[in-house]
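Work through the exercises below with the structure open.

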Amino acid sequence: MELDAKTLIITGASSGIGAAAALLFAAEGANLVLGARRGAELQQVADQISESGGRAVCLAGDVTDEAYAKALVALAQSEFGGLDGAFNNAGMMGDMAPAPEMALSNWQAVIETNLTSAFLAAQAQLPALRKAGGGSLVFTGSFVGISNGGLPGMGAYAASKAGLAGLVRSLAADHAAEGIRVSALLPGGTMTAMAGDDPDAHAFISGLHPVKRMAAPKEIAQAAMFLLSDRASFVTGGSMAVDGGMAVRLL
Ligand SMILES: NC(=O)c1ccc[n+]([C@@H]2O[C@H](COP(=O)([O-])OP(=O)(O)OC[C@H]3O[C@@H](n4cnc5c(N)ncnc54)[C@H](OP(=O)(O)O)[C@@H]3O)[C@@H](O)[C@H]2O)c1
């Protein structure tokens with residue numbers, strides 16, 4: 001049991017990487033608070049966990065909403081007595097377009113959803129981790145935060161994910177002495193709704209990776225689990241690539 005009795009928030013838990021993380025973390029003994037906008041999908045994940053003997057509650061909302069970030073923490077405290085960490089994973093890709101063709105509204109939505117939400121999550125979660133005497137926060141970045149990843153029109157998404165890595169370094173430095181670790185996870189192309197359902201696009205993205213395939217969501221969740229667990233007790237401030245060699249190819 002890698003996460004025995006740890007109480008964790010997972011955002012973006014209604015599908016993809018977040019849903020895979022919810023099933024994995026619950027099987028490893030965690031108490032979970034699941035977040036995303038689609039309430040029915042979230043409830044399905046929570047029910048699946050309960051049916052297999054795990055512990056999960058959920059609350060639907062938008063991660064760009066400050067009150068929602070606080071409500072997830074309050075739910076962890078009322079349901080499970082505190083908070084030990086969070087997998088802040090919700091994100092969107094937005095429209096792929098070069099800057100002259102990109103709508104300002106798209107830029108703002110991507111920055112709000114992927115970056116401002118991380119600040120709001122940290123602001124709400126850090127006081128609870130202090131109360132617990134320490135903990136671990138993990139944020140989902142992307143290989144696209146390091147380069148454009150061979151994909152066109154990624155300005156807003158790349159800026160949001162690169163900004164996230166900077167926020168993580170700063171949070172890690174500010175809170176290390178309090179026993180709070182903060183890390184980013186940089187997935188490579190992963191078979192989720194975000195990657196679409198076009199086999200040609202999957203083949204193209206697979207070909208960009210040295211391992212010549214995309215990840216299964218569980219492969220990303222396993223790395224998040226390590227960072228949230230006590231096995232990562234000396235790990236903070238970094239961005240862990242879980243990208244099938246993508247970073248090696250690009251640097
Ligand atoms: N798939 C990839 O190739 C890939 C590669 C690198 C990084 N990532 C990152 O991995 C993370 C998870 O994405 P995924 O691949 O698992 O795709 P996904 O299946 O589309 O999951 C995205 C999750 O984020 C939630 N979400 C989006 N906007 C939200 C908002 N405003 N408020 C609350 N929840 C919101 C979605 O739930 P609702 O729609 O129910 O709100 C969903 O649960 C993202 O941060 C993404 O940028 C993905």
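A pocket, as used here, is an open set of grid points where there is protein on both sides within 12 Å along at least five of seven lines. The model is a predicted one.

**Exercise 1. Describe the largest pocket: how much space lies in it, and which residues line it?**

Step 1. The space in the largest pocket comes to about 900 Å³.

Step 2. Its lining has 43 residues, and Gly91, Met92, Met93, Thr192 and Met194 are the closest to the centre.

Step 3. Sort the lining by class: 19 residues are nonpolar, 18 polar and six charged.

Step 4. Look for the elements involved. H1, H5 and helix H6 (199-208) each give at least two lining residues, and the largest share, three residues, is from H1.

**Exercise 2. Find the cavities of 30 Å³ or more and describe the lining of the largest.**

Step 1. Searching the whole structure turns up one cavity of 30 Å³ or more.

Step 2. The volume of the largest cavity is about 160 Å³.

Step 3. It is lined by 18 residues, with Thr11, Val63, Asn88, Ser117 and Ala121 closest to its centre.

Step 4. Two or more lining residues come from each of helix H3 (66-80), helix H4 (104-132), E5 and helix H5 (155-175). H4 has the largest share, five residues.

Step 5. By class, nine of the lining residues are nonpolar, seven are polar and two are charged.

**Exercise 3. Check the length of helix H7 and say what covers its buried residues.**

Step 1. H7 runs over residues 217-228, which is 12 residues, so at 1.5 Å a residue it should span 16 Å.

Step 2. The C-alpha atoms at its ends are 17 Å apart, which agrees with that span.

Step 3. The buried residues of H7 are Pro217, Ile220, Ala221, Ala223, Ala224, Met225, Leu227 and Leu228.

Step 4. Their cover includes strands E1 (7-11), E4 (85-88), E5 (135-140), E6 (180-187) and E7 (239-242), together with helix H1 (16-27).

**Exercise 4. Which residues have the most contacts inside the largest nonpolar core, and which elements build it?**

Step 1. This core has 33 residues; Ile10, Phe25, Leu32, Leu34, Ile49, Phe87 and Leu185 have the most contacts inside it.

Step 2. E1, H1, strand E2 (31-36), helix H2 (39-51) and H7 each give two or more residues to the core. H1 supplies the largest share, eight residues.

Step 3. Take Ile49 as a case. Beyond its neighbours within four places in sequence, Ile49 contacts Ala22, Leu23, Ala26, Leu32, Leu34, Gly54, Arg55 and Ala56.

Step 4. Another core, of 31 residues, lies apart from the largest one and includes Val63, Leu72, Ala90 and Ala122.

Notes: Residues are numbered from 1 along each chain as its sequence is written. This is a predicted model: local features need pLDDT of at least 70, side-chain atom pairs count only at pLDDT 80 or more; totals for chains, interfaces and linings use all residues. Side-chain values use heavy atoms; hydrogens and water are left out. Helices (H or I, at least four residues) and strands (E, at least two) are DSSP runs, numbered from the N terminus. The expected span of a helix is 1.5 Å times one less than its number of residues. Buried means under 20% relative accessible area, exposed over 50%, partly exposed in between (1.4 Å probe, protein chains only). Contact means heavy atoms within 4.5 Å. A nonpolar core is a set of buried Ala, Val, Leu, Ile, Met, Phe, Trp, Tyr and Cys residues joined through side-chain atoms within 4.5 Å. On a 1 Å grid over the protein atoms alone, a cavity is a set of points where a 1.4 Å probe fits but cannot get out, and a pocket is an open set with protein on both sides within 12 Å along at least five of seven lines; lining residues have an atom within 4 Å of a point. Grid points are joined across faces, edges and corners, and a volume is the space filled by probe spheres set on the points. Ala, Val, Leu, Ile, Met, Phe, Trp, Tyr, Cys and Pro count as nonpolar, Asp, Glu, Lys and Arg as charged, and the others, Gly among them, as polar.
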